[in-house]
Amino acid sequence: MLTSPNLELSPEAMQRMGEACLAAVVDHITNLPQAPRSNIAQAAELARSLREAAPQNGTSFEELLQFLMQRVIPNSINSAHPAYLGYIPGGGLFPAAIADFLAAATNRYIGVWFAAPAAARLETNVLEWFAEFMGYPLDTTRGITTSGGSLANFSAVVTARKHILNENIARGTLYLSDQTHHCVMKAAMLAGIPERNIRVLKTDDYFRAVPEYFELAIKADLKNGLQPFMLVGNAGTTNTGAIDPLHDLADLSEKYSLWYHIDGAYGGFFNLCEEGKRKLRGIERSDSIVLDPHKGLFVPYGCGSLLVKEGERLRRAHVLTADYLQDQFTPEGETNFSEYSPELSRSFRGLQVWLPLKLFGVPAFRENLSEKLRLTEWMHERFLAEPGFECLSVPELSVITFRARPQRGEIAAFNRRLLETIVKSGKLFLSSTMLRGQFAIRVCILSFRTHQAEVEEAFEVVKWAKTEVEKG
């Protein structure tokens, strides 16, 4: 007779594993300033070497932890580093990691409210706080947490489609600028909107949406028998951090009875601080908004969110019942997340936001976001004042795009070598983009670990790398 192996660990074994893991993480975080900014030179070779068959025998935890901390985790882009200024940083607050551990270890299920009412209420609190941050009405707003902005944007498109188009999807048209994150277009396609009905419109000299172009496209589609249903604005684009004219787009949406959605995955949480609130005026007029706590609230990757001002519309787009769920119930005023989201199985995701906010308080996050705006302004001014450099956009939030102006040679090729030199140095990690066909290097300042010293050091690294490239 076969017996099942025991997968339960003794209290002593769990204690040892937890202490070993905690020691490794604390050591990792403590030594971040001295760690490489990136280490991906041999990434492909390493990845190939790690391919293996499913294990038939166990391995000690100590050996596995050593393998992860020495071979897997270091061979990557070090996005938790204070000098990580590439793409959009996700700081990875330690208390949020503790929250994830607690959520996973206790394994409470909050896909339906009645399975863990108190946990569902804490996550609902988080979403209500977000609504307050954005100026949304608390009595009608509902939302969900997601794995990131991509799925949050997907649910937004599904909700708008259901509310305005219902079953008439083939005629529906959607409007966005050429600086809108590509996940919005992917979300529309996955939601069944024909690709031919997605209008990607040119931006102005500052990479912001032009309402007049949107209106011309809407009028043309109406004339051709199509049904405009959704307009997307940006509260901070990924490429340059540009903010669309949010009030003007709201006016246009109201004029043509369109669903007004804002992608604030990167920039929305800047609405917490006074400088950001001034820049994001009009954000409260949207019908829905995406916010990524793993960006503007510095929690680990894998935490996005969607708010819908008329929350019942979000519910109608996602609710479905099943016989085996007949025992569940949800009191009035509480949220059953399975009725508002594509997910049924889900973790206690909101805990990784709730715990840091409760631990530090909102003002700590507000000041961190204000600091990032100040650091961006400082670095932008340094690039403008430094001979041989130019900026390709004016930062509205915390993204700077720049390039060097070599005395000889092709500009794009020089800047590609410049970026390669910066990254290979191990002193700094930056990324690049294309702006109207021109190669640009990006700086994004968002990590809670990035302060004046790191930004000053980063600027000196860029200057040093330029000199190295000029030497040939």
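**Figure 1. Pairing of strands E9 and E11 in the predicted model.** Four-bridge pairing is shown here: strand E9 (residues 399–404) and strand E11 (residues 438–444) are joined over 4 bridges in the antiparallel sense. Within this pair, phenylalanine 402 has isoleucine 441 in E11 as its bridge partner.

**Figure 2. The open sheet of 4 strands that contains E9 and E11.** The strands follow the order E8-E9-E11-E10, and their pairing is antiparallel. At the edges are strand E8 (389–391) and strand E10 (431–435), each of which pairs on one side only. From one strand to the next, the twist averages 40°.

**Figure 3. The open sheet of 7 strands.** Here the order is E1-E7-E6-E5-E4-E2-E3, and the pairing is mixed. Strand E1 (142–146) and strand E3 (198–201) stand at the edges; each has a single partner strand, so one side of each is left without a neighbour in the sheet. Neighbouring strands of this sheet are turned against each other by 20° on average, direction ignored.

**Figure 4. Pairing of strands E6 and E7.** Strand E6 (residues 288–291) and strand E7 (residues 304–308) run antiparallel and are joined by 4 bridges. Isoleucine 289 is placed opposite leucine 307 in E7.

**Figure 5. Helices H6 and H12 against the strands.** Helix H6 (residues 149–165) packs on the sheet and touches E1, strand E2 (172–177), strand E4 (227–234), strand E5 (259–264), E6 and E7. The direction of H6 makes about 150° with that of E4. Helix H12 (residues 311–318) lies across E1, E5 and E7, and runs at about 55° to E1.

Key. Residues are numbered from 1 along each chain as its sequence is written. This is a predicted model: local features need pLDDT of at least 70, side-chain atom pairs count only at pLDDT 80 or more; totals for chains, interfaces and linings use all residues. Side-chain values use heavy atoms; hydrogens and water are left out. Two strands pair if DSSP finds at least two bridges between them. Helices (H or I, at least four residues) and strands (E, at least two) are DSSP runs, numbered from the N terminus. Axes are lines fitted to C-alpha atoms, for helices over the stretch in contact, and angles run from 0 to 180 degrees between N-to-C directions. Contact means heavy atoms within 4.5 Å.
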